[in-house]
Amino acid sequence: MLRMNVVVNRLVSIAVCAAALLPVAAGGRLDSLYARLDKAIASSDAYVARREARIAALRQRMGKARGAEAYGVAMSLYAEYKPYMNDSALAWLDRAAGMARAVGDDADVERCRVLTAFQCSSTGMYTEAADILAGVDRGALDSAGLIDYYRAYNHMYNDLRYYTKIESLRRRYAARARTYADSLIAAAPATADIRLQLLEVMSYERGDYAAALAYSDRRMARAAAGSHEYAVASFYRYLDLKMMRPDGDEWACWLAQAALADVENAVMDQAALWELANHLYEQGDIERAYRYINFAAECAARFSTRLRNQQIAPVMQTVDSIYQLQNEKENAYLKAALGMMALLIVLALAFLVYVNRNRRHLAQARNELSRKNGQLLSLNERLSRANAGLDEANTKLTATGRRMNDAIVNLDESNRVKEKYIGLFLRQCSTYIDRMDRQRKEISNLLKGKRYAELAEFVSAHNFRDKEQEELFEIFDSTFIRLFPTFVDEFNRLLLPQNRIQLTDNSKLNTGIRIFALIRLGIDDSSKIAEFLHYSVNTIYNYRAKIKNGAACGRDEFEDRVREIGLQKSNRGG
């Protein structure tokens, strides 16, 4: 029954671990992990405060503890400082050894010395580690102390093997590391994490990555998600997967997972984060690599170990130089953008002056046009009275008078249309001037506030002309339809049934009808129509040709018939 419970507990642990990783199993898992890691780094002070709170509570207990309890508290303080501050970890190991010595507990004294040697070798102090281990009384160690003893020797010789440049020494250190590894495997319980980790590393070193990953699975099932042990197991899993599937991104996810757990546990001895920064640099993500390597350097400074500083320094120098070069380029682009912005402001001011001057000229023209229009209306009234008198006297003169009246009515209609559109144009110009003035004030405020990013975004807006053009078309369509409410129906009657145009919105004209609406207003030059509608002259010509080809009347007389739309009704009304 006990064995079955153990199996069940392991399966539950694996399920919990898989559930913790489920959010990052999709295609965007790396981006999700990077976002979580960025957030964790931004909140790192809170994680440090948690560890400091645990340390403060242990220090308070230490003030009241005596005997074996004091030794236990000292070892707990060592465990808190071990991944956090190297000097403090060594200091509390020394105090714990003194407490054990005071009560004559040789096993704990020697174990403290072994742990001190391991801490030294972990931080690059190999000479000190070797001297300490050489002086350990191995016979005084209990089973746990003996496992730590083998582990310390194995770790020291593995590091020496890795960093030495002399091949004969590398072979000697490797042989000694294997000897202590075999001793550790024999001494440690079958399920101990240190034993599984060592077996994983040994499988990795001989190229059996599938076996290494199998040991990693067992370690991951035992580690609580997000714990420091989880971070260490994730880092070793990253090494395994990188060798098995270097082209995938699964290994990068585990590396990011290890870095995230380190940050959230306020671990200052970080290997995962600077390794991740190096990977991001190789991928071209310079900005994130710069932030990660700088944070890792700050952590290494707090941990106070020359080994991590030596490992981080080359990556940091490379990333920093690339980052500074990138910043210089961005600053050059910014200066160029500011220059262009200043030029645009000058052009906008010049355009404002130009529009203001034209507005005054248009006001004068409107007054003059109103005066002349009044004269024409007065003349029309006199001619109408004369026509009525002449109608009674002479049929021929009556007919002539009617033709003159028709011409005057047509002129009046033309003047009415022109007056409507001129008034509309003047109001629209006034609206544009007010809008330009508001934009000028907004730009001025942004410049005064030195809000250059917002100013650049404001000036680079690309949909201004489209909105203004759409508004102009809406005003043109609605005004034209009010002036000629039957234009679309009469226009369609000039076309063959199969070529008639059906509008989806009766308040808006399409491009084809809009072209012939301009022709109805007297604008029949394709270049002027193209300028108004913002099309090419060739496009306007094609539209005109296509519609005239579908005319019910003669192709050559189609546009003349369009110009007469609305006139016959006015003539009959006169």
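Is Glu167 buried, partly exposed or exposed? I looked it up: Glu167 has 41% relative accessibility, so it counts as partly exposed. A reminder to myself that this is a predicted model.

**Glu167 and its partner.** I found a salt bridge from Arg170 to Glu167, with the closest N and O atoms 2.6 Å apart. The two sit 3 residues apart in helix H9 (residues 167-187), so about one helical turn separates them. Arg170 is partly exposed too, at 27% relative accessibility.

**Stepping back.** I counted 25 helices and 0 strands in the chain. Of its 574 residues, 40% are buried. I also checked contacts between residues at least 6 apart in sequence, and 63% of those join residues at least 24 apart. The chain exposes about 32,300 Å², with carbon and sulfur atoms supplying 54% of that.

My search of the whole structure turned up 23 of them. Arg113 is partly exposed at 27%, whereas Glu110 is buried at 9%.

Arg563 and Asp560 make another bridge, at 2.8 Å between the closest N and O atoms. Both lie in helix H24 (residues 558-563), about one turn apart. I then saw that Arg563 and Asp560 belong to a salt-bridge network that also takes in Asp524, Arg544, Lys548 and Glu559.

**Around H7.** I went to the loop between helix H6 (106-122) and H7 and picked out Thr123. Its relative accessibility is 3%, so Thr123 is buried. A polar atom of the Thr123 side chain lies 3.0 Å from the backbone oxygen of Gln119. The Thr123 side chain also reaches the backbone oxygen of Cys120, at 3.1 Å.

Next I read along H7 itself (residues 126-134), where Tyr126, Ala129 and Leu133 are buried. Looking down the axis, I see the buried residues fall within an arc of 60 degrees, so they line one face of H7. Thr127, Asp131 and Ala134 are exposed on the other side.

I placed Leu347 in helix H16 (residues 306-393). At 48% relative accessibility, Leu347 counts as partly exposed.

Key. Residues are numbered from 1 along each chain as its sequence is written. This is a predicted model: local features need pLDDT of at least 70, side-chain atom pairs count only at pLDDT 80 or more; totals for chains, interfaces and linings use all residues. Side-chain values use heavy atoms; hydrogens and water are left out. Helices (H or I, at least four residues) and strands (E, at least two) are DSSP runs, numbered from the N terminus. Buried means under 20% relative accessible area, exposed over 50%, partly exposed in between (1.4 Å probe, protein chains only). Contact means heavy atoms within 4.5 Å. Accessible areas come from the Shrake-Rupley method with a 1.4 Å probe; for residues, only the protein chains shown count as cover. The arc is that of the directions from the helix axis to the C-beta atoms. A polar contact is a pair of N or O atoms within 3.5 Å; within protein, one must be able to donate a hydrogen and the other to accept it, and residues adjacent in sequence count only if both atoms are side-chain atoms. A salt bridge is a side-chain nitrogen of Lys or Arg within 4 Å of a carboxyl oxygen of Asp or Glu.
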